[in-house]
Amino acid sequence: MKVKPKIMKGEELPGLLVNEIGGMHGILHDHVEFLKKHFCLITMKEFLENKKNMSKKVQAVYLWWHKPVIDKDLLQSLPNLKVIANSGVGMDHLDLKLVASFGVKMANAPCAVSSSTADTGMALLLASARRLVEGYHVAVSPGMEYCEADFLGVEVTGATLGIIGMGSIGYKIALRAKAFEMKILYHNRTRRKEQEEQAVGALYCEKIDDLLCQADFVMVVVSLTPQTHKLIGKREMELMKPTATLINISRGAVVDQEALVIALRSGVIRAAALDVTYPEPLPRDHPLLKLKNVIITPHLGIKTDKATRMITEEAVENILAALAGLPMPSEVHPS
């Protein structure tokens, strides 16, 4: 922790509003003691039950898994709110301009999540390529005697990986892919520095189409914005090789899921591996859940002990900086 709270003896700690402790959308129990060293924790239940007294105490909000929901009513009820810290990189669940209009600063946690999310992307790539989920079901099936000779996956070593979105996560995926001797292509709004490209052996594709038609694996690692909504649709999938695999670790809505179902059923692409969907979770009758050439995981990208602890530490550092009137390490500005 670089920023230390300036609390005078006997002075009350700043109020930090969280959705709940534990549960599906609550901060982790293991993080409570650490947070209480810096803040007076206030859950949404406590806030709503005693809004008159609690509203002025809240100076910061810590969002865990997009909760609590930040809307106009909540912002109006928090007159001393100075900062909102998000437990991840993506900010598509927040109306950034609305928040900024109340004079409230915002921060995300890019440093904490990049390595664990990159690991998840590579895990999905490998699991899909080598048909690990299918293989598991074969291995544990009651009538298992041997694996069919034609139960074949695809080679990863020497294959071409196309990374769409070469931010901190995308670059760490490239570092991992280099170790697998993969040829790396990438598409990004801005080109990386030449020395960064050379470090991982990545080739820049100015047009996304050039990447799509060459890649054996397409990894989507972009933020969800109006420009990236359904970035990968019917046209883009038809540009991909019929032997290609689509991997999405960004946001579900970046991929047109209806078009994906058709592409997977008709052999337009070989397979897909998704850590994100829209909505999350998918309805139990969704056709994606019935396809054998899809792996779906429940948004596991950042879910490791170390990563979640780092996320909370990064959030605390940002909040303390904002409350002290200092620059926030991971401030997010409305576009």
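**Figure 1. Cys205 and Cys213 in the predicted model.** The closest cysteine sulfur to that of Cys205 belongs to Cys213 and is 8.0 Å away, too far for a bond. A disulfide is defined as a pair of cysteine sulfur atoms within 2.5 Å, and by this rule the count comes to 0 disulfides. Cys205 is buried, at 7% relative accessibility, whereas Cys111 is exposed, with a relative accessible area of 56%. Here buried means under 20% relative accessible area, exposed over 50%, and partly exposed in between (1.4 Å probe, protein chains only). Residues are numbered from 1 along each chain as its sequence is written, and side-chain values use heavy atoms, with hydrogens and water left out. Because the model is predicted, local features need pLDDT of at least 70 and side-chain atom pairs count only at pLDDT 80 or more, while totals for chains, interfaces and linings use all residues.

**Figure 2. The helix α6.** Helices (H or I, at least four residues) and strands (E, at least two) are DSSP runs, numbered from the N terminus. The 20 residues of α6 reach 28 Å from first C-alpha to last, close to the 28 Å expected at 1.5 Å a residue; the expected span is 1.5 Å times one less than the number of residues. Since 14 of the 20 residues of α6 are buried, this helix is largely enclosed by the rest of the structure. Arg131, with a positive phi near 55°, follows α6.

**Figure 3. The loop between β3 and α4.** Most residues other than glycine have a negative phi, and most peptide bonds are trans. His66, in the loop between β3 and α4, has a positive phi of about 70° although it is not a glycine. His66 is partly exposed, with a relative accessible area of 33%. Pro68 is also found in the loop between β3 (58-63) and α4 (72-76), and the peptide bond from Lys67 to Pro68 is cis, with omega near 0°.

**Figure 4. The loops on either side of β12.** Pro281 is found in the loop between β11 and β12. The peptide bond that joins Glu280 to Pro281 is cis, with omega near -5°. His299 lies in the loop between β12 and α13 (305-323). The phi of His299 is positive, about 50°, although this residue is not a glycine. With a relative accessible area of 15%, His299 is buried.
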